[in-house]
Each structure stands twice: as structure tokens, then as C-alpha cells.
Amino acid sequence: MPSPIAHFSLIIFFRPNVRHGGGWTGWRRATFVLGIVFALMAPDIDVLFGLLAGECVGMFHNGFTHSLFCAIIFAAIFAIVGRMLWPLAWVTIFRYAMCAYCSHVIMDALVWNSRGVQMFWPLTGVRVVSPIPIFLGVRHSVGAPVWVHLVTAGTELLFAVAVWLVCRMVRDRSRACSAGAANGEN
Ligand SMILES: [Zn+2]
């Protein structure tokens, strides 16, 4: 799997939505950000299963919690709780949760030489892995040397920068379109 650097870098895509809640109190913004952070990493709750079973943390990793089915269940619960916290429509919160959760599942499938994720559980337990990897991934379980972890961290920092640049480009383009439309109206 990619490290949290890559997973958390996507939170920037949710930033406009935090800004959109300009009238929110501090705790609302804080809980929203924490909620999205949680949703971005939620599939990895399966590492606890290994600990609870007295096995290694990777025993049940990338299993059924990394499925689209679990994403829907998670997003529904997330939306019910989120509706009590934030002045957003249920379907909007559901969409945020789905995007965050599914981004994690897809990114885990994009790791080089990984065992893949059970993306389509319970229809099939087959593990899905992309033939075109993007991430080197974290390799604790194989006892990789330190330099491999450094390469992983370095490439994922580059990924985070690329995400930031794309987000900024989209935002600037959107602002330019809005300004153009406003000028056209005048
Ligand atoms: Zn994962």
C-alpha cells in the first residue's frame, strides 16, 4: 500500500468544500477535516483484525474492507453521523465519503508488486492489482532496507506536489471561467 503521505495528499481536493462552509464554527471545520482524514484511511482498519486475532498486522490487510461494497456501507454511516455535525445535504456527505474511501482502495491497487485489494468483495474475493503501478508502496512486511522506505517517501512527496499542482490549476481555471462569465454578464 502507499504510505499515508500519498493517501492524505488528496485532502487538498476537499479544501474548497471546507472553505465553502465559510460560516461554520471552528469545531465544524475541524470535525469535517478530521472526518475526511479518517475516511481517507478507513479501509486500513483491517490491520486491527490481525492484531485482535494475535496474528501479524498484514494478515487480513487489503481484504474485504478494501471493497466498493464496504465503501457504500461506510459512506452511508459517515453521512448519517456527518449530517448531525455539518450543514450539508446527506447525499453531499455521502459523496465525499465515497470519494475519500474509494480513492484509498484504488491507490492501494496501484502499488507495484502488491497482492492487490479485494475490490469486488463479496461478489468475488479475487484481488485486483493494476498492471500499471504508480506507487512503490510501503514494504514493512518484507523487511525492506531503509533506502527503499526513503524512495517510497520521496516519490510519494512528489505525488503530493503533483496533486497540489493539479488542484491549483483546476482552481485557477475555474476562477478564470467564473470571472469571464461575470464580465460577459456585464
Ligand atoms: Zn489500504
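Helices here are DSSP runs of H or I with at least four residues, strands are runs of E with at least two, and both are numbered from the N terminus. This is a predicted model, in which local features need pLDDT of at least 70 and side-chain atom pairs count only at pLDDT 80 or more, while totals for chains, interfaces and linings use all residues. Residues are numbered from 1 along each chain as its sequence is written.

The C-alpha trace spans about 65 × 35 × 30 Å along its principal axes. Of the 186 residues in the chain, 26% are buried. A residue is buried if 20 or more other C-beta atoms lie within 10 Å of its own, exposed if 12 or fewer do, and partly exposed in between, with C-beta atoms placed from the backbone. Two residues are in contact if their C-beta atoms, placed in that way, lie within 7 Å. Among contacts with a separation of 6 or more, 58% join residues 24 or more positions apart.

The next topic is the nonpolar cores. A nonpolar core is a set of buried Ala, Val, Leu, Ile, Met, Phe, Trp, Tyr and Cys residues joined through C-beta atoms within 7 Å. The largest has 22 residues, and Ala75, Ala97 and Tyr101 have the most contacts inside it. Two or more residues each come from helix H3 (26-41), helix H5 (68-85) and helix H6 (90-108). H6 gives the largest share, eight residues. Leaving out residues up to four places away in sequence, Ala75 touches Phe94, Ala97, Met98 and Tyr101. Another core, of seven residues, lies apart from this one and includes Met1, Met107, Val111 and Val138.

H5 has as its buried residues Cys70, Ala71, Phe74, Ala75, Phe78, Ala79 and Gly82. An α-helix has 3.6 residues a turn, so residues three or four places apart point the same way. The buried residues of H5 pack against H3 and H6. The 18 residues of H5 should span 26 Å at 1.5 Å a residue, and its end C-alpha atoms are 25 Å apart, which agrees; the expected span is 1.5 Å times one less than the number of residues.

Ile36 is found in helix H3. Ile36 counts as buried because it has 23 C-beta neighbours inside 10 Å. Its contacts, not counting residues up to four places away in sequence, are Ile11, Phe14, Tyr96 and Ala100. Ile36 and Phe78 are 42 residues apart along the chain, and their C-alpha atoms are separated by 9.7 Å.
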